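Reader: Could you walk me through this model? I would like to go from the overall picture to the sheet, and then to single residues.

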Amino acid sequence: MFAVPETIIPHNEKLRLKKLYDYQVLDTHPEDTFDKITFVAMQVLKTPYAFLTFVDEDRVFFKSNISDFQGNIAARENFPCSLAILNDGFSIFYDTHDIDYLKEGYICGEGGVRFYAAAPLKSPEGFLLGTLCVADVKPRTTPLNDVELNILKSLSEVVVNKLESRLRYKKLLRSQNELMSLTLHELKNPLASIKLANEVMKKEPTRLEPMTDMIKESVLRMQDKLHELLKQSETEEELKLNIEETNLEELISGLIKNFELLARRKNQQVKFEFDPATPTIPLDKAKISDVFFNLLSNAIKYSYQDSEIKIIVKMEGSMVCIEFRDQGQGLSSDDIDKLFRKFAKLSAKPTGKETSNGLGLSICKSLVEMHKGKIFAESPGKDQGSSFFVLLPLHSKNEDNSKINTL
């Protein structure tokens, strides 16, 4: 006799549901691919019904339903698939009426399913997400043989492999889109520098040499960005970190020099405070440069004329803290809540008619988190300035853990 467990909720329910939601299969239309798999299972095991189900928090969703039962949703309680995902192997009920728990459910009640056999849909991580199952309105007395069970198991694995392939494809597209957004966003700053350098050369011919150097650096930066985008498109790989020991003082000093023209245009001063005890740290220099580039660009963009911007680097335990502090428009509590979301509309407006597409900070967050770091902002309130903090660890992580996984 089958013993109903005290709870039908697996011990890893939160992680199981997270994986299920990653597949984005719930509440989707029937698909010919999955219907064919379900049909083969029904034919091989010689049953009138077959289902492909996914067990959600409080319901069971039928992705494929070959039966007389209408609809694609059932309550999780008193449903055989809810019991099946508790078992790593097959779940077979030769007569559901022998189990009081199942007799209370509508599908196994009077006139409903009497025979039920399921193979779990098991993710590569081991989470049991649903079932590929067959059913009959009559109880069965003949046990299923090994060939039938192996075919049912193999078909369930085909389903999971299909879902995993789709998930990998979606992650690849997300990674490519993130890289594209980052590249297009970062091309704006060197283009602005080239434009300003050209204006300075027209008005101050004596500054020709430093301005041509500025243009050259900006062009090289653009070429590097486009080369990275092309390389990622050709290899079809997720964005990875290229870790190297980096001197933050040199990196940020060069960054400030690149923004000299933009700051001068608004009569702003950029001051740099560096703790000499700060060691070199392992990071992807190009990607962290993108982060700092965005933060300093925003500080200049959203600060008033004749204001001061500070970049402060200091140690905080096992992390290096880089603060970008401005005397600009500040942030409201609502701004801080949605600060790092894509295309978020904030209350602050550029003070020099600059443009903004709302992508920069969301990209910064992704790049900092790739380094196992943190990024956040603080502000006393509107028109009281703000500070953006980047915390980076002193030691790099394994490269395999450095892939974008929002990707």
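Reader: Before anything else, what kind of model is it, and how are residues numbered?

Author: This is a predicted model, in which local features need pLDDT of at least 70 and side-chain atom pairs count only at pLDDT 80 or more, while totals for chains, interfaces and linings use all residues. Residues are numbered from 1 along each chain as its sequence is written, and side-chain values use heavy atoms, with hydrogens and water left out.

Reader: Fine. What does the secondary structure come to?

Author: The protein has eleven helices and 13 strands, where helices (H or I, at least four residues) and strands (E, at least two) are DSSP runs numbered from the N terminus.

Reader: And how much of the protein counts as buried?

Author: Of the 407 residues, 49% count as buried, meaning under 20% relative accessible area, with exposed being over 50% and partly exposed in between (1.4 Å probe, protein chains only). Among contacts with a separation of 6 or more, 71% come from residues 24 or more positions apart; contact here means heavy atoms within 4.5 Å.

Reader: On to the sheet: what is the strand order?

Author: Five strands form an open sheet in the order 8-10-11-13-12, with mixed pairing; two strands pair if DSSP finds at least two bridges between them. The edges are strand 8 (269–274) and strand 12, each of which pairs on one side only, and the twist averages 15° from one strand to the next.

Reader: Which strands pair in the parallel sense, and over how many bridges?

Author: Strand 8 and strand 10 (residues 308–316) pair in the parallel sense over six bridges, and F274 has V313 in strand 10 as its bridge partner. On the other hand, strand 11 (residues 319–326) pairs with strand 13 in the antiparallel sense over eight bridges, with C321 partnered by L391. Strand 12 (residues 374–378) also pairs with strand 13 in the antiparallel sense, over five bridges, and there E378 stands opposite S387.

Reader: Is strand 13 buried or exposed?

Author: Eight of the eight residues of strand 13 (residues 386–393) are buried, so this strand is largely enclosed by the rest of the structure. In a regular strand the side chains alternate between the two faces of the sheet. Both faces of strand 13 are covered, with S386, F388, V390 and L392 buried on one side and S387, F389, L391 and P393 buried on the other.

Reader: What does helix 7 pack against?

Author: Helix 7 packs on the sheet, where it touches strand 8, strand 10 and strand 11, and its direction makes about 175° with that of strand 8. Helix 7 (residues 248–258) also packs with helix 9 (residues 285–302) at an angle of about 45°, their axes being 11 Å apart. The axes are lines fitted to C-alpha atoms, for helices over the stretch in contact, and angles run from 0 to 180 degrees between N-to-C directions.

Reader: And which residues meet between helix 7 and helix 9?

Author: From helix 7, L248, L251, I252, L255 and I256 meet K285, I288, S289, F292, F293 and L296 of helix 9.

Reader: What about helix 11, how many of its residues are buried?

Author: Helix 11 (residues 360–370) is mostly covered, since nine of its eleven residues are buried, including L361, I363, C364 and M370. Just after helix 11, K372 takes a positive phi of about 60°.
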